[in-house]
Structures are given as C-alpha cells and as structure tokens.
Amino acid sequence: MATFMEKIPLPKSIDELKVLVVDNQGLIHDLVNSALTDLGVKKVSSAQNAYHAVRLCQDDVFDVVLLAFNVSNDKDGFHLFEELKHHQYISDKTTVIFLSAETNMELVNCIIELQPDDFWVKPLARQRIQHRFRYLVDIRRKLNKLMHSMDNGDYAAAIYHAERGLRDSSVVEYHPRLKRMIGDCLIQLRDYVSAEKYFSDLKAEYDHAWVHIGLAKSLFRQDKIEEAELLIEDLLQRNDTKFLTYDLLAQYYIGKEQFDVAYEQVKAASKLAPRNIERNKKLWDLARLNRDKYGQLEAVQNMAKYAKNSIHDSPDLTLNVVRTMVDLAASVSGPESEKLQRSLQKELDELSRQAATSQALSNQLVVVKTRLCCLQQQKREAEKLLKEQLDTSVSMNLEDNLDLMKAYHELGMKEDCLSILDKLRSQLAGDTLASQVVDEYLKREEIERREIKFTTKELKDMAAVNYRENRMLPAYNNLCQAMTLSPHDKSIALSLLKVLVQLNKKDPLSDAQYEVASNASRLLHSGKLIDAQRQKRDEYLTALGINEVQLSAMP
C-alpha cells in the first residue's frame, strides 16, 4: 500500500518516454514513428505481431502502448492486452491507446471492458496523433500521484489526488475520468452509502454509462432492490449501458443464488461482448447448473474459439468441448446423437495425437473414451478400458474427477460414483477458481446421482419400451427422471404429454401430474418447434384440456 509519506517517482519528460506500437500495417508504424519523433519522443519500438510485442515487453518497460485491435492472425488486440496485463507489462501507470478501423458495437463493448486511455479510429491523421499524444502525456504528468496510488491499490490516497485534480482547470477534459475514479474507489472501499450519494449527485451533471452503473452497483450492494430495479429498467434500453447492466445483474443474482436468472443475464452479456473468456467460463458453469446442455456446448465452443493463441489457450479447452459433446450426445437420441458422436470423434483424434507427450491428457482421454463406449452400448469394453488404462496415480483436477464420476454413473458403478463426489467436494473447498456456482452444481449432481441410476438417453429408451408395452406409469416415471436430468429437452416434454394423455384416459390426472403437464407445455411454448412437433403439442394439450390462458394464469 502507498502512503502520503512515500516518495512517488517523478513523471517522465516526453523525451524519456518509451513507446511501443503494435500493428500489422507498416504504414501505421511509419506514420506514428514520424509524428512522435517530431514531438521529441526518442524511443519508438515497433511490433507487427503479438509474439514480437511480447518479446519486446520482456526486454523493456514501455510507458505508452499503441495497440491495434486486429494485430495479426496469431492473436487479436484483446487477447494481447490480457496477456500483457497478466505478465504485468501493462499497469495503471501505462498509457494504453487502442487502434481500429472498425467501430461496430461488439468491438466497442470489448474495448469498453479493457478501459484504455484512448481509442483512435483509423485511418490516422498526423496532426491528430500529435494532438492526442501530447494531451495524454500531459494528463499523465499532472496526475502522476493519482495513477501511482491507483496502481498500488491505495484508494483513499487516490480519492485525495483525484479531488485535487478536479481543481486543476488544465485537465478539465479529464475531469469525468477523475470523477469515475473517485466513484470506483468508494466502491472498492465498500463505502456504498457514500458511493450512492456520489453517483446520484453526478447524474445531474453527466448522463454517462458509468454514472448509472455505479449508482446501480451501490444500490445492489446495499440490497436496495426496488430502487435498483427502477434504474435497471432504463439502463437495459440504452445501448451504452445494456451490456454493463447485464453483467451487474448476473453478479447480483449469483450472490443471491438465483442461478436461473443469472444465467439469462450472462447469456445476454456474452452475446454483446463474446470474447471475454472468464465470462464464457461463468456462462458454462451456469449452463451446467441450469441443465442446459446446448448452452454448455455453445459456451465451451466459444471459449475454445476465442482463446485460440491467447494466454487461456490449452488442450483442456478442446477437452471440455469433447466432454460436453458426450454429455449432450448421452441426452439425445437418433441422428442428433450420431452426428455429435462423429464430431467428437474428430476432436478426440486430434487430442490423442497431443496425448503422446502428456500423461495427464492421456489419462483424461481414457475417461472420455470410456464414456463414449457407454454411449455406444459397449459397456464391457468401457469397463475394460477404465480398469486397464486409467492411471490412478496421475493427479486429477476438479473437471477430470467430474468426468470420471459421470463415467462411473454411466457404468452403473454407484459406490465409485458417490466416492468421487466426496473427492470433488474436498477439491472444491481448496480450489480458488471454483465458484459458488460450481458448488451449487455439485450439490444438485450429488442428489441426482444418488436418486437416479440411469442416463437421460437410457431413461428415454426405457420409457419408449414401457410405452409400447402399455406400461404408462413406469414410462411416466422414466420421463420425469429424464426431465430432471435434462429440463430443456423438448423431445422429453413432448413424450411426457403423450404419456399423460394415455394416463388421463384411465383416471383424471393428479395435481402433481397436471403440474408436470403444465411445465412441459410451457417449455414447448418457449422456443421454436418444427411443424410436426407443434402439431403434436397442440393435439396433446387439447386432449388434456390445457390452453394458453390457463398456462399464463399459473405461477
């Protein structure tokens, strides 16, 4: 922590500054270099790709970094920025300027998340480069003590220096940024009452997104829900606040363990700014918790796609795609399951080549292949694979054990399955990356693994046999369990309605059965169906005497 008595380094003069320009266009380097040299900058380094930029940062500390969003094919500016921050090559004391010829909303949202000091739209003009660069350097010089305090996490000192900066008319263009810093510092200091008053007062002066988001955040932190919700309604209508509001809502609902609502908020935020790997990880966890297997697959595929060549890239991302494809293939049937199995086999072949140099990956693939054998009704082969090739001495992380638990469950090895669940619980307690969401997910997994012995696909197959043999109640029970495991599966919902129609012919439905019918009906009204499915849905609902008015009236 910094203190007022600590000696803060003096700001550098313009001829002492070290500047790094990262762009794949040679003309940009020539233009920026020439413009800055005329200003008195003596050291301007150039990198035409991300790899070269990282190498230069390893050898030198740069005061200013100009970073193109589209650097090269190996890494975009978003991921390069993350990597430079991760390795502390960029800090709060570094002036960061983003360059881009694009101004679409997805790109703008991504850049907003990074909070650079400036954003220059290509094509660049020499005079504009010099004007903005001179201004940014002047700001940094005048606010040197503030930046130093922020960089050291001394938020009380940062507020003091920011308030002094507000009395300096020569940095008036930077005053909004100073006021934003003061609000952020109040929240960091957990002084939510002061933060609420501060942002409320600022609303009369600014209509900026950060003012409204700061106010909403301070209200949520005080559990002033009604006031926050009134503000949220307006923020979701604005393009400049919509994205940040979804993130804020997700964080709040996760804290309140309302994971179904949080999931919808994170989905909405991810569509607006899809490159954030941590958000996609949160989306994956919430999709798992909400038993949305299609959502799980989309989230892990996005993680693998956007992490390519970034600091997040690893075989584990592809492995998680494969694992999720197995999960989905085990819950569907027919051509859809077969198509998934063909796709995951291609991914497995690529991972198998990488496993030749990694014992951990080789072990992980044994479990995946075991699950694939179970899926293909080759359980003897699956048992043999697990018994002969799984190396129990190899360390396994939380995701590895979760997949092994599923393999044991699919093989009907209940005691082994529950034993792994106990191990997962202890792993979670010591895993700083494991979130509250994963903890809740494991609780639900434990309940279901104890009570339900079969996979979704097995339960659907059993229900089909029972239906053909006119055993409607067992078929109904099979499908109820299948729906517990896969609550978003519309084919299960249709099958449930079909079975309930037959049960209703013998005896009136019980209250519990009627509720199941109503829930299935809502699911079938919530998304797209093909014509044949829609026709069947309407036919079953008519037979059961359920209409849309009754559905909308039910809680």
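**The chain as a whole**

Mentor: Of the 555 residues in the protein chain, 50% count as buried. Please keep in mind that this is a predicted model.

Trainee: How many helices and how many strands does the protein chain hold?
Mentor: As context for that count, the C-alpha atoms of the chain fill a box of roughly 90 × 55 × 45 Å when taken along the principal axes. Within the protein chain there are 28 helices and five strands.

Trainee: Among contacts between residues at least 6 apart in sequence, what percentage join residues at least 24 apart?
Mentor: The contacts considered here are those in the protein chain between residues at least 6 apart in sequence. Of these, the share joining residues at least 24 apart is 64%.

Trainee: Are helix 8 and helix 10 roughly parallel or roughly antiparallel?
Mentor: Two packed helices are described by the angle between their axes and the distance between the axes. Here the axes of helix 8 (residues 175-188) and helix 10 (residues 209-221) come within 11 Å and cross at roughly 10°. Angles under 35 degrees count as roughly parallel. That makes the arrangement of helix 8 relative to helix 10 roughly parallel.

Trainee: Which residues meet where helix 8 contacts helix 10, and how many of them are charged?
Mentor: From helix 8, P176, K179, R180 and I187 meet W210, G214, K217 and R221 of helix 10. Sorted by class, this contact has three nonpolar residues and one polar residue, and the number of charged residues is four.

Trainee: Which residues of helix 7 are buried, and which helices are included in what covers them?
Mentor: In helix 7 (residues 155-165), the buried residues are A157, A158, I159, H161, A162 and G165. What covers these buried residues includes helix 6 (144-151) and helix 8.

**Rings and charges**

Trainee: Is the pair of F220 and Y252 stacked, tilted or edge-to-face?
Mentor: The structure holds five aromatic pairs. In the pair of F220 and Y252, the ring centres are 4.4 Å apart and the planes stand at 35°, so this pair is tilted.

Trainee: How many residues apart in the chain are F220 and Y252?
Mentor: The pair links distant parts of the chain, with F220 in helix 10 and Y252 in helix 12 (residues 239-255).

Trainee: Which residues are linked into a cluster by ring pairs, and are they buried or exposed?
Mentor: Y252 also pairs with Y253 in an edge-to-face arrangement, at 5.3 Å centre to centre and with 70° between the planes. The relative accessible area is 6% for F220, 14% for Y252 and 12% for Y253. Because buried means under 20%, F220, Y252 and Y253 each count as buried.

Trainee: Over which rings do K267 and R288 lie?
Mentor: The charged end of K267 is 4.5 Å from the centre of the ring over which it sits, that of Y263. R288, at 4.0 Å from the ring centre, lies over the face of W284.

**Backbone features in loops**

Trainee: Which two residues are joined by a cis peptide bond?
Mentor: P123 is placed in the loop between strand 5 (118-121) and helix 5 (126-142). With omega at about 0°, the cis peptide bond joins K122 and P123.

Trainee: Is Q88 buried or exposed?
Mentor: Q88 belongs to the loop between helix 3 (77-86) and strand 4 (95-100), and its phi is near 60°, a positive value in a residue other than glycine. Since exposed means over 50%, Q88, at 68% relative accessibility, counts as exposed.

Trainee: What is the phi of N470?
Mentor: N470 lies in the loop between helix 23 (456-468) and helix 24 (472-485). Although N470 is not a glycine, its phi is positive, at about 65°.

Trainee: Which residues does N466 contact, leaving aside its neighbours within four places in sequence?
Mentor: N466 is found in helix 23, and at 11% relative accessibility it counts as buried. With those neighbours left aside, N466 is in contact with R471, P474, A475 and N478.

Definitions and conventions
Residues numbered from 1 in each chain as written. Predicted model: local features only at pLDDT ≥ 70, side-chain atom pairs only at ≥ 80, totals over all residues. Heavy atoms only, no water. Axes fitted to C-alpha atoms, helices over the stretch in contact; angles between N-to-C directions. Helix = DSSP H or I, 4+ residues; strand = E, 2+ residues; numbered from the N terminus. Parallel < 35°, antiparallel > 145°, perpendicular 65-115°, else oblique. Contact = heavy atoms within 4.5 Å. Nonpolar A, V, L, I, M, F, W, Y, C, P; charged D, E, K, R; others polar. Phe/Tyr/Trp six-rings, centres within 6.5 Å; stacked < 30°, edge-to-face > 60°. Buried < 20%, exposed > 50% of the residue type's maximum accessible area, 1.4 Å probe, protein only. Lys NZ or Arg CZ within 6 Å of the ring centre and 35° of its normal.
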